[in-house]
Amino acid sequence: MPVALDDRDRALLAGSSGDGTAFAMRLVMRAAEVLGAQRLIDISGAHVDSCLYHGQASLDFVARLAAGGARVSVPTTLNVGAVDLLHPELWRGDPAAAARGRELMEAYRALGCRPTYTCAPYQLAGSRPKLGEQVAWGESNAIAFCNSVLGARTERYGDFLDIACAIVGRVPDAGLHTTDARRATLILRLAPDIPAALRDADVLFPVLGIVLGRRAGSSVAAIDGLPPGQSEDRLKALCAAAASSGSVAMVHVAGSTPEAATLHAALQGGDAPVETITLAELRAARDELTSALGDELAAVSLGTPHASLAQLERIAALLDGRRVAVECLVSTGRDVLAIARERGIETQLREAGIELLVDTCSYIAPILRNRSGPVMTDSGKWAYYAPGNIGAQVVFGSTADCVASAVAGRVVRDDSPWGDA
Amino acid sequence: MIGRALVLREPLSLWGGMDAASGRIIDAHHPQRSVSLTGRVVVMRSGRGSSSSASVLAEAVRAGTAPAAFVLAEPDLILEIGSAVADELYGVRVPVVVRSPEELARIVDGEELALD
């Protein structure tokens with residue numbers, strides 16, 4: 001069935017607002033066809049991932065939009081780019097590549113986007129859409145967080161389509177924008193052999209996310225068996241890892257996420273097959289995140305997705321006045337860093353020898369000085385992508401392990417929550 | 001169009017998974033790491049992972065390293081949009097074809113495929 005357009009949609013497609021907007025409208029229409037949507041609906045905001053440089057094609061695309069006079073029509077935040085515009089000295093690669101990355105980031109700002117340059121827009125005041133609100137978000141961790149934790153509604157808007165939706169202010173009425181598609185179709189139940197301490201440990205969440213991504217693929221699962229009221233930072237780690245190992249765009253965590261006050265609510269009154277996640281599977285997934293052997297340590301990378309204020313405070317508390325003995329990088333958003341500066345947290349971290357990175361991430365850009373030796377992280381997503389992207393050997397551990405290791409200058413891991421210490 | 005099938009044993013995210021400069025698989029977790037996708041009809045159950053894969057596909061088209069087509073068991077919006085943008089910018093189409101899981105399973109690696 002063809003997509004039913006209203007008069008304004010037809011006018012945009014015909015070029016009433018310029019060639020750039022018409023191009024954007026063609027992409028939104030293509031998306032509507034692929035998704036089988038019967039109409040387009042309005043959105044209240046967008047988060048755009050297209051500002052990360054992936055080659056000349058990235059610049060060619062935004063140049064076409066700009067030449068055609070396109071501007072965003074809804075409040076729009078920007079995802080990370082290739083360079084830290086506030087700390088350009090941290091770039092340790094080809095200066096020409098940095099210049100292209102910067103050019104792209106600025107080109108998106110020129111289309112009217114807010115220069116947030118963060119993969120965690122949900123940590124920004126003023127860009128947390130409410131339960132049920134329709135938006136168009138890019139960046140896989142942000143998409144999963146938006147749907148799962150905020151209960152706002154977005155499909156997976158990949159590069160190009162995210163900005164196209166922001167320009168026309170419309171999205172296909174399909175997929176996770178609709179209530180039906182948000183129903184859990186799989187229940188993942190934590191097995192009785194998983195210790196209570198692990199069920200309530202930060203380190204579980206990135207690992208559980210990796211398992212979730214593999215088990216759920218692109219479907220909406222409900223996780224059952226975690227203590228209720230899990231924090232946003234834990235759910236963030238879960239979502240980011242699940243969107244790395246799988247195409248998870250939404251997950252219900254019974255008792256913690258807004259559309260899953262109960263398992264029954266996540267199922268919207270229906271039923272779904274139950275699969276069990278065992279301790280052995282979690283341990284195996286944890287072990288697979290580590291590619292380096294021994295206790296040698298070259299660097300530590302924290303803050304993927306971008307650290308929240310609470311996470312920066314926790315790192316400072318874990319350091320407790322001690323200095324790091326190896327390179328230690330913490331990524332966060334520029335707006336979060338500004339608050340951390342006001343509260344004196346930035347100073348505490350810098351005095352401990354930590355480098356703070358904004359606007360980008362250490363696994364997509366040549367930032368780390370020591371990429372030839374093992375790099376330790378508390379992020380399932382970082383552990384998953386860094387070997388391919390920057391050739392890093394990885395050691396995975398909890399945030400506390402990472403800080404202890406950074407201070408000791410060698411890998412220190414407390415595996416007691418896993419019951420195999 | 002006709003192309004030689006490359007049957008992927010696991011879904012691949014082009015972002016973090018394909019190097020657009022060389023056309024090869026770089027995902028360290030992928031069983032077919034270092035295999036070239038260039039000019040092949042890439043057969044996989046579904047796309048996977050990052051929403052940046054559309055950019056990698058468009059860049060691969062620009063660089064001349066892109067697959068000839070994709071055959072999937074379910075529609076993939078990210079690959080479709082990458083393909084649509086490459087078509088608008090560079091006039092090259094990378095068809096994204098959906099086949100039933102049964103048909104997909106019958107495709108043999110290296111087989112010449114005719115796609116409409």
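**A walk through two chains**

Chain A of this predicted model has a secondary structure of 16 helices and 14 strands. How compact is chain A for its length? Its radius of gyration is 21 Å, close to the 22 Å that the globule rule gives for 421 residues, so chain A is as compact as a globular protein of that length. If you laid a box along the principal axes, the C-alpha atoms of chain A would fill roughly 65 × 55 × 35 Å. Of the 421 residues in this chain, 57% count as buried. Look also at the contacts in chain A between residues at least 6 apart in sequence: 80% of them join residues at least 24 apart.

Now turn to chain B, which has three helices and seven strands. Among contacts in chain B with a separation of 6 or more, 75% are between residues 24 or more positions apart.

Finally, let us see where the chains meet. Here 30 residues of chain B are in contact with 35 residues of chain A. Which elements of chain B give two or more residues to the side that touches chain A? They are α1 (53-63) and α2 (77-90) of chain B. Sorted by class, this side of chain B has 14 nonpolar, 10 polar and six charged residues.

Notes: Residues are numbered from 1 along each chain as its sequence is written. Chains are lettered from A and ligands numbered from 1 in the order in which they are written. This is a predicted model: local features need pLDDT of at least 70, side-chain atom pairs count only at pLDDT 80 or more; totals for chains, interfaces and linings use all residues. Two residues are in contact if their C-beta atoms, placed from the backbone, lie within 7 Å. Helices (H or I, at least four residues) and strands (E, at least two) are DSSP runs, numbered from the N terminus. Ala, Val, Leu, Ile, Met, Phe, Trp, Tyr, Cys and Pro count as nonpolar, Asp, Glu, Lys and Arg as charged, and the others, Gly among them, as polar. The radius of gyration is taken over C-alpha atoms; the globule rule is 2.2 Å times the number of residues to the power 0.38. A residue is buried if 20 or more other C-beta atoms lie within 10 Å of its own, exposed if 12 or fewer, and partly exposed in between; C-beta atoms are placed from the backbone.
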